[in-house]
Structures are given as C-alpha cells and as structure tokens.
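Open your viewer and keep the sequence panel beside it.

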Amino acid sequence: MRTPVLGAAGGMFACTSRSVIMQTVWLQKVRRTKNVMAQQLSDEPPQALRPAVDTLSGSGRSGRLSILLVDDNPAVAEAMEIAFRMAGHRLDTAAGPEAAYSRLVAARYDAVLLDMNFAAGRSDGGEGLACLERIAADDPAACVVVITAHSGIRIAVAAMQAGARDFVMKPWRNAELVAKVEAAVGRARPTVAVPAAASQEPARLLGESAAMQRLRELVRRFGPTGAGVIVTGPAGSGRTLTALALHAHSAGAATPPLRIDLRDEAAWDRLDGAAGTVLLRHPDQLDAVAQARLLERLPLAVRCIAIADSVAPLTPALQRRVATVEVAVPPLAARGEDAVLLARHFARVAAQRFARPGARLTEAAETAVQAGAWPDQVRGLALAIERAVLLTEGGTITAAALAPPVPAPVTETPSGGFGLIDAERAVIAAALREHRHNVTHAAAALGLSRGALYRRMTRHGL
C-alpha cells in the first residue's frame, strides 16, 4: 500500500558514534568528487546502485520509490539521501515524531525508515517500538524498516513482531540498505486492502490528545466491520477526513468511496447502481419524506458512512441503515496542545506549497493558537496559518501575523475555566518571555503600541 503512516515517531537510521564519524568523513569526501561519492556509497561499482532506465525497482514498481526517513541526525539524513538518490529513489527526512506525523498526513510513502531511539541516553528501543505500533495501528499495510545496533537483536525481533517489514543492523552498507528497502516494499501483504490511486490524499488523523486517541481507536474498531457509521461534530473539525479514515480501514479500501452531497438533488442519480462504500453528506438536513426516499434508493449492497451535524434528526429507519454506530469528532478546543501541532503542520505544508522559507511559529504565536477560539475549527486555523505564511517575512510567524480570531468567551467550570482573561495574559506573557521582557519588541510582535501593552501588563500583574 502506497500510503504513509501517521505517526512514524522515531528516526530510523540512528548510528553509533563510530558510524556517525565514518559517515561524516564519507560526506566530506563526497563533496570533493562524484567518483569518490559513488565508491563510498557501496562496495559495488556505482552502476550497481543505478537502476537502468525503464527497469523495475526491487519493489516490482516502475519508477522510483518515495521513502520517509525519521532521524534527528543531519549527517545520517544526508548520507541516506545520497544513497537512495543514487539508487533512483526519493528520500524525505523528518527530524522527529512530530515532523514525521506532519509529513505522513500530507503525502504517501512507499516505505518508512525508523530509528528505535531518540532521546539522549535511551537505547532500549522503547520510543521506536511505540512509534511502530502507532504506525501499524493507523496503517496495517505500512512498510516499515527499522535499523538497530548489532546488540539490538532483541529490539529487532520485537519490531518484527510489532509489524516491521524488515530490519537493518548498523553500521550499514548502503547497497544492502537500499536492496532491503526495495525488497520490503515489494513484499505486499495480501490480507490488507490498499487504495487504488496513489494520488489520493492520505486519510490520517493528526493529533496526540486523549480525544484524538479515542477517535483513532473508534476508527480502527468500526472501520473493518462494514457497519453503517455516522460521523458527527462541528463543521471544519475533520469529519470528512474521519469518514475517509474509516473507509481506509475497511475491506473495500482499494476502491475510492462514492461521495454524495444529499443537498444536491442531481447527485442522487449517482446512487443508482452504486457499489462499495458511499459517503453521504448532510442526511440530517433532509425532511422525513426525503429520508424515506433516500432509504428506498440506497442499494442493499453498499456500505454507508454518513457525515452530519447530529444524528437526532434522522428517522429510526434511516438510523438503522446509515448510523448503526456514531463517531463524534472532537472540537478543536477539546484537543489541548493538538492545536499547536496542527498549526506547525499547516505552516510546513503552506511554506512548501507557496515556495516560502521554512515557517516557524514564535512562542507567543503558539500560545495564541492554543488560547484562541477559531471559527470553522481546524479549517479556520489552517486558513489563518496559510495567510500568515504568505504575509510574514523570513519565515517567522508572530502572534500579530495570525490576526487571532475573537477569543473564547469566559466560562466558569467546576475545575476552573480558561477564558478571555487567561488567554490574553498567557499570550502577553509568552511574548515578553520570547523578547526577554523588551516591551517595545513584545508590543510590536503583538501588534500593540507600547502604551497599550503596558496597560495590559498592569491589568494582568505582569
């Protein structure tokens, strides 16, 4: 399955100190001459790594593979990029779990190369195994190849049991590594359906909050069943993506679902002779007569996944057909720090899309993202980030550049709400820390005058 996995949290090629030094020396030689580079990439002649034109790679696919390397070591990343480029493939790099999630949500990869340790001092492989389990849960057909040290046989065995397609011991040989990845991609898993079109956007749910973990668990539980599922939640929160994720976990994932907006009468004709999975948008906006007519026109063999604001307006008969179970997408406000994670993802994607410098949110901007009440939920946040990427210079997104929406109203809860006053204070405090309490610079970053900032600082006791 040419799909990325939403959470490849690790970097897969982490080297030992000795191998890092060896790779660094090698890279210096690479820059001097192409002949030296080719010789260093493999014990074989350079031609052995270059597939002939129009030949198949080890995966059995015509053309190059798309591979994601998750590793926080720049020397390793550069070495691997050269090795795979020489073999005719493309390698993208994610420096850590968050960057990997972002890339896997936005693009499809034939394989993920996963290191097993990331935090300083860690060597037990726990981080890599946790990441691998997440990848395999989100995408059972994912092709993951892990890299371990010679002393990591136990970790390699555990990784294979957790769903890795293969493993490579370090220090590695480039020719062997490329061959193993090509072979791993070629070993298709017949029990798992794969999307018919590799051009389809991945259906992966980005977020690490408890609310999103529950949502992913429901998708994994209900997706393979074939039961009618209704996806509810605020508009813009990711209902369509959740519906597509349900379909991606089903036995019919190889065939794209038929999408029908029930508000469009002309679209109803597409229900005649439909097969596979049908995504029905807005059945809750139909009256009782129209719902009865929809029930009559739905072919018995199709699986229905509905998208609605609420299940309550549906008649009992239609509920039984299209809403056997309900999957509620949590609003952005219930996802905690996921808002910042999503903002960073949108910034990276927008910078790439608009050919802008790599975008980075300041601390104050991230505080504003988490504290704000974004109209249109995740979709509204994405719009604000894309606009900020285009308007800012140098790739730094400040709180002022975000033009924050109307803050969330003040609410009182037994546990203590986080309302307007708390949000404003948090944003101002973050801006002051970011600019080392230089009021002039902090005020400029917030889009305020010095006087206005001083008044707010006094009000909040800052």
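Start with everything selected. Of the 462 residues in the protein chain, 50% count as buried, where buried means under 20% relative accessible area, exposed means over 50%, and partly exposed lies in between (1.4 Å probe, protein chains only). This is a predicted model, in which local features need pLDDT of at least 70 and side-chain atom pairs count only at pLDDT 80 or more, while totals for chains, interfaces and linings use all residues. Residues are numbered from 1 along each chain as its sequence is written, and side-chain values use heavy atoms, with hydrogens and water left out.

Switch to a cartoon view. The protein chain has 17 helices and twelve strands. These are DSSP runs numbered from the N terminus: helices are H or I with at least four residues, strands are E with at least two. Now show the surface. The accessible surface comes to about 21,300 Å², by the Shrake-Rupley method with a 1.4 Å probe. Carbon and sulfur atoms hold 55% of that surface.

**Stop one: a helix pair**

Select residues 210-222, helix α8, and residues 239-248, helix α9. Their axes come within 8 Å and cross at roughly 40°. Axes are lines fitted to C-alpha atoms, for helices over the stretch in contact, and angles run from 0 to 180 degrees between N-to-C directions. That angle makes α8 oblique to α9. Angles under 35 degrees count as roughly parallel, over 145 as roughly antiparallel, 65 to 115 as roughly perpendicular and the rest as oblique.

Which residues in α8 meet α9? Show the side chains of Leu215, Leu218, Val219 and Phe222 in α8. They meet Thr242, Ala245 and Leu246 in α9. Contact here means heavy atoms within 4.5 Å. The residues of this contact divide into six nonpolar, one polar and no charged.

**Stop two: a cis bond**

Go to Pro171, in the loop between β5 (166-170) and α7 (174-186). A cis peptide bond joins Lys170 and Pro171, with omega about -5°. Most peptide bonds are trans.

**Stop three: two positive phi values**

Most residues other than glycine have a negative phi. Select Ala355, in the loop between α12 (338-353) and β11 (360-361). Its phi is positive, near 55°. Is Ala355 buried or exposed? Ala355 counts as exposed, because its relative accessibility is 69%.

Finish at Gln377, in helix α14 (residues 377-391). Gln377 also has a positive phi, about 55°. Gln377 is buried, with a relative accessible area of 17%.

Methods. Ala, Val, Leu, Ile, Met, Phe, Trp, Tyr, Cys and Pro count as nonpolar, Asp, Glu, Lys and Arg as charged, and the others, Gly among them, as polar.
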